[in-house]
2 protein chains.
Amino acid sequence: MYTKNINTHLIEIQDYFKAAISVDCVIFGFDENELKVLLIESDLKEFKGKWSLLGDIMHPDEDIETAAYRVLRERTGLDGVYMEQVQAFGGINRHPAGRVITIAYYSLVNIQHVELKTHSNELHWHAVKDIRQMAFDHKEILGTCLERLQHKVIEQPVGFNLLPKKFSLRELQNLYEAILDVKLDRRNFRKKFFAMDYLIDLNEEEQEVRHRPAKLYKFNQEKFDKQHKKSLGF
Amino acid sequence: MYTKNINTHLIEIQDYFKAAISVDCVIFGFDENELKVLLIESDLKEFKGKWSLLGDIMHPDEDIETAAYRVLRERTGLDGVYMEQVQAFGGINRHPAGRVITIAYYSLVNIQHVELKTHSNELHWHAVKDIRQMAFDHKEILGTCLERLQHKVIEQPVGFNLLPKKFSLRELQNLYEAILDVKLDRRNFRKKFFAMDYLIDLNEEEQEVRHRPAKLYKFNQEKFDKQHKKSLGF
DNA sequence: ACAAAAGTGTTTGACATACACCCATGC
DNA sequence: GCATGGGTGTATGTCAAACACTTTTGT
């Protein structure tokens, strides 16, 4: 028995250059105390009326991550935001047009910074927990990305990317409760974040609330980056 | 500005079906108290004498995971072993033959069960920590897979897949020390595993050691599966 | 008897959990 | 003054870390 191997035998490859690669972006936002995701209405007849992730075919001259950032930029106008590759999805019949393998990314954006392009009125933010059906295998992709985010957010303070620069501890807690779908104890939550020591007290307060205003903080990104570099052994 | 989107606009896709998808398997084994990985010598002129992961082009009629299992089976004769997708690698020039996106998997095998095929004398087990250079971007892929394994092994007891059915606690500890590249306290390690309660005492002992023989255990896979199902909400 | 590794318990500190009251503001 | 959420501390349990001596076997 002879085993073909792309890494050792080149000649036979050309027959195989027939697949398409796409990227699909799970763009998370946070608003009204809910985790949201940006979706577009599919206009494929196969998925009429269903919602779809934002994706595109990867161009021949860009690498995968570049394609994912391009999709994000084209749809939200944002650049340089938090993004992480999750995994590839490649079921044989996942796309009606042929064999399309998609690489899923999720990104965390400040929903206030997103200005939906005027030509994109078919774009909408959806509460993640209310989503029932989606086009393609996008429900599965969304589920996998959400799980990854849940894991990530308890390991590293990436949640700040979903918040405005200035935020109260209540907002931060609401965020974590929305992502993890749990209720958290307020005092213990505060203790944990103060102990982490990534919060900078801005000596400002909430405005226009009809109760005692909360103090505002910002995330100490520089300190986090520095400490994280260290832990990576640089 | 108009944004092409594979999920909504089909007509333009055909131009893009020109990429190849491959799978690359990081096949981990454990022997002589070292974490090993199964590699093949590359015979591409570009990578003469360099070592390469085991991979192959995905066939048009199989999904990605099937392709990965096929590579594993063809190279090791093994089936149904532990495997996990890690992520896609798709740098523009990562493959000399053209645009090849590869999906990386790692798998954990009992190295004693692997019978290297006779036609595969170019296959060798390498100690992970001794590997310097590899063909393609395989060093990066290996590194990413190792990190994923390190994460996984502290969350779930997947390490058993690397050991013989019967093992001593010393072997188990050596395994964890090799994977995580740390020294562990023997008493705390034993405590932790006994507390997990996934070890079945076989009432057998090591043979032919020139010191007090250790007791042998096996992993209670059924119990683990049952508890894990529960935690997934089934 | 000696070498070599197996086996075992206790103490300590750190961290997560649970829980209730006073405070500042707008109305 | 009342409704609303902001802000705080303590007690308890759980878990990880540190640490040294006895036991069993082969030679």
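In the surface near DNA strand C, α4(B) makes the greatest contribution, with 4 residues. The model is a predicted one. Two or more residues are given to this surface by α4 (186-196) of chain A and by α4 of chain B. In total, 19 residues surround DNA strand C. The closest of these residues are R187(A) and N188(A) from chain A, and R186(B), K191(B) and K215(B) from chain B. Of the atoms of DNA strand C that come within 4 Å of the protein, 42% belong to sugar and phosphate. When sorted by class, the residues of this surface comprise 12 charged, 4 nonpolar and 3 polar ones.

Individual polar contacts to DNA strand C involve both base and phosphate atoms. For R170(B), a polar side-chain atom is found 3.3 Å from a phosphate oxygen of DNA strand C. In the case of K215(B), the atom concerned is a polar backbone atom, and its distance from a phosphate oxygen of DNA strand C is 2.8 Å.

D197(B) belongs to the loop between α4 (186-196) and β8 (199-205) of chain B. With a relative accessible area of 43%, D197(B) is partly exposed; the value falls between the limits of 20% and 50%, and therefore D197(B) counts neither as buried nor as exposed.

A further loop position in chain B is that of G80(B), which lies between α1 (64-76) and β5 (82-89). G80(B) has a relative accessible area of 68% and is therefore exposed. The C-alpha atom of G80(B) is separated by 8.0 Å from that of Y69(B), a residue 11 positions away along the chain.

Conventions:
Residues are numbered from 1 along each chain as its sequence is written. Chains are lettered from A and ligands numbered from 1 in the order in which they are written. This is a predicted model: local features need pLDDT of at least 70, side-chain atom pairs count only at pLDDT 80 or more; totals for chains, interfaces and linings use all residues. Side-chain values use heavy atoms; hydrogens and water are left out. Buried means under 20% relative accessible area, exposed over 50%, partly exposed in between (1.4 Å probe, protein chains only). A residue is near a molecule or strand if one of its heavy atoms lies within 4 Å of it. A polar contact is a pair of N or O atoms within 3.5 Å; within protein, one must be able to donate a hydrogen and the other to accept it, and residues adjacent in sequence count only if both atoms are side-chain atoms. Ala, Val, Leu, Ile, Met, Phe, Trp, Tyr, Cys and Pro count as nonpolar, Asp, Glu, Lys and Arg as charged, and the others, Gly among them, as polar.
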